[in-house]
Amino acid sequence: MGEIEKVFNFETFLTGGGITLILGLLGGWDAMLKLVLISMILDWVTGLIKSIKHKTLSSRTGFNGIIRKSVMLMVVAFAVGLDEVLNIQGDTVNARFIVLMFYMGNESLSMLENIEAIGVPIPSKLRDILIQCRKKGETEK
């Protein structure tokens, strides 16, 4: 086996192990986590597009957005740990679900605000659904 294959295999091992560790800390890969991550990414991208359009692009603001989203994922990991300590499992509403619903609502509403600022109309019913998600996360705390 050549040097390239050794490095590729080691890097693949590290990458796979890192992803597995992160997903384990976040409670596993499911539809809720996927939707929150998509919402975070789309919020950041639409914010970037909005700032380009309005000529307010700032690397500090973009970096702060990434830091903020990273801390949100830390809160999700904490909620997972809390559920484990309290032995909350199954179909019951747990801390992870509440945190993910709250962040999904917030990130999605922020994304819609960015999209509207870009000049794209948003269906009002979609906004209403996202507000309900955010409220569900707030009231279930």
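Residues are numbered from 1 along each chain as its sequence is written, and side-chain values use heavy atoms, with hydrogens and water left out. In this predicted model, local features need pLDDT of at least 70 and side-chain atom pairs count only at pLDDT 80 or more, while totals for chains, interfaces and linings use all residues.

Helix α2 spans residues 31–53, and its axis comes within 8 Å of that of α4, crossing at roughly 25° (axes are lines fitted to C-alpha atoms over the stretch in contact, with angles from 0 to 180 degrees between N-to-C directions). The two helices are therefore roughly parallel to each other (an angle under 35 degrees). By class, 16 nonpolar, six polar and five charged residues make up the contact of α2 with α4.

Helix α4 (residues 95–118) also holds E107; helices here are DSSP runs of H or I with at least four residues. With a relative accessibility of 1%, E107 counts as buried (under 20% relative accessible area, using a 1.4 Å probe and protein chains only). Setting aside residues up to four places away in sequence, E107 touches S39, M40, D43, R68, K69 and M72, where contact means heavy atoms within 4.5 Å.

L25 belongs to helix α1 (residues 3–25). This residue counts as partly exposed because its relative accessibility is 48% (between 20% and 50%). Apart from neighbours within four places in sequence, L25 is in contact with A77 and V80. L25 and A77 lie 52 residues apart along the chain, yet their C-alpha atoms are separated by 5.2 Å.

Terms used
Angles under 35 degrees count as roughly parallel, over 145 as roughly antiparallel, 65 to 115 as roughly perpendicular and the rest as oblique. Ala, Val, Leu, Ile, Met, Phe, Trp, Tyr, Cys and Pro count as nonpolar, Asp, Glu, Lys and Arg as charged, and the others, Gly among them, as polar.
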